Amino acid sequence: MRFIAAGLLLISIAACQSSNRQANEAKEDTTVLQAPYAPVFYDSLSLAMESYYSLTAGMTQANLTYIDRYSTELKQHLDSLPLHALQMDSGKLGNVRNQVSSMSAELSGLVGEKGIEEKRAAFDMVSGLLFDLVKVTGVKGKTIYRQYCPMALKDAGGYWLSNSRKKINPYFGDDMLGCVEVTDSLRFN
């Protein structure tokens, strides 16, 4: 039975590494997108993104104190985003408000969770919502990389955002750096 489990693990790792090689061979999208809103919004969003990257580092290290600290900080930054500075139609602005509100609620739940797996599940939700927000608003002068590990969250797969192509894995830490692929990148003026 142990040999079967070990064999399945090796097959999973090999599949993940093969998928990773294919993703790395794909060329990065070099399209530069516009970030057309007020600088005050982007200054605030940049602070939120820095807190998110620190949260990602905490997840990678499985450091619960660090995770809770940066989840709380990220929530504070999101709650104070000057959404009034976004000059967009009311339907789109309503969606942005809902995304920010959902992230804030998810981060409150993340801090309340005791186990690392539950925190990582909430982190995955926050990551998806944050990526959707960045696609709509942009991040002035930045490139955002969306990374993925298909083995995360009990093989359901998990996404996260990074400010570089550097391989990190907030779902498995340094144990599964081969299970990281960049699935998307957004580059903004």
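Author: Of the 189 residues of the chain, 43% count as buried, where buried means under 20% relative accessible area, exposed means over 50% and partly exposed is in between, with a 1.4 Å probe and protein chains only. This is a predicted model, in which local features need pLDDT of at least 70 and side-chain atom pairs count only at pLDDT 80 or more, while totals for chains, interfaces and linings use all residues. Residues are numbered from 1 along each chain as its sequence is written, and side-chain values use heavy atoms, with hydrogens and water left out.

Six helices and four strands make up the elements of the chain; both kinds are DSSP runs numbered from the N terminus, helices being H or I with at least four residues and strands E with at least two. Read from the N terminus, their order is α-β-α-α-α-α-β-α-β-β. Contact here means heavy atoms within 4.5 Å. Of the contacts with a separation of 6 or more, 69% join residues 24 or more positions apart.

Now the packing. Two packed helices are described by the angle between their axes and the distance between the axes. Axes are lines fitted to C-alpha atoms, for helices over the stretch in contact, and angles run from 0 to 180 degrees between N-to-C directions.

Start with helix 2, residues 39-61. Its 23 residues reach 33 Å from the first C-alpha to the last, close to the 33 Å expected at 1.5 Å a residue; the expected span is 1.5 Å times one less than the number of residues. Thr60 belongs to this helix and is buried, with a relative accessible area of 16%. Apart from neighbours within four places in sequence, Thr60 touches Ile168, Asn169, Pro170, Gly173 and Asp174. Ala62 follows helix 2 and has a positive phi, near 55°.

Helix 2 packs against helix 3 at an angle of about 160°, with the axes 8 Å apart. The two are therefore roughly antiparallel, a label for angles over 145 degrees, while those under 35 count as roughly parallel, 65 to 115 as roughly perpendicular and the rest as oblique. Their crossing is left-handed, that is, the near helix is turned anticlockwise from the far one by less than a right angle; clockwise would be right-handed. Residues of helix 2 in this contact include Leu47, Tyr52, Leu55 and Met59, and those of helix 3 include Tyr66, Ile67, Tyr70 and Leu74. By class, this contact has 11 nonpolar, seven polar and one charged residues. In this count Ala, Val, Leu, Ile, Met, Phe, Trp, Tyr, Cys and Pro are nonpolar, Asp, Glu, Lys and Arg are charged, and the others, Gly among them, are polar.

Next come helix 3, residues 64-79, and helix 4, whose axes approach within 9 Å and cross at roughly 160°. Helix 3 and helix 4 are therefore roughly antiparallel to each other, and their crossing is left-handed. Among the residues that meet are Ile67, Leu74 and Leu78 in helix 3 and Val100, Met103 and Leu107 in helix 4. That contact holds eight nonpolar, four polar and three charged residues.

Helix 4, residues 90-112, also packs against helix 5, residues 116-137; their axes come within 9 Å and cross at roughly 160°. This pair is therefore roughly antiparallel, again with a left-handed crossing. Helix 4 contributes Val96, Val100, Met103 and Leu107, among others, and helix 5 contributes residues including Phe123, Val126, Leu130 and Leu133. The classes are 14 nonpolar, two polar and four charged residues.

Lys154 is exposed at a relative accessible area of 79%, and Asp155 is exposed at 58%. The C-alpha atoms of Lys154 and Glu117 are 9.5 Å apart, although 37 residues separate them along the chain.
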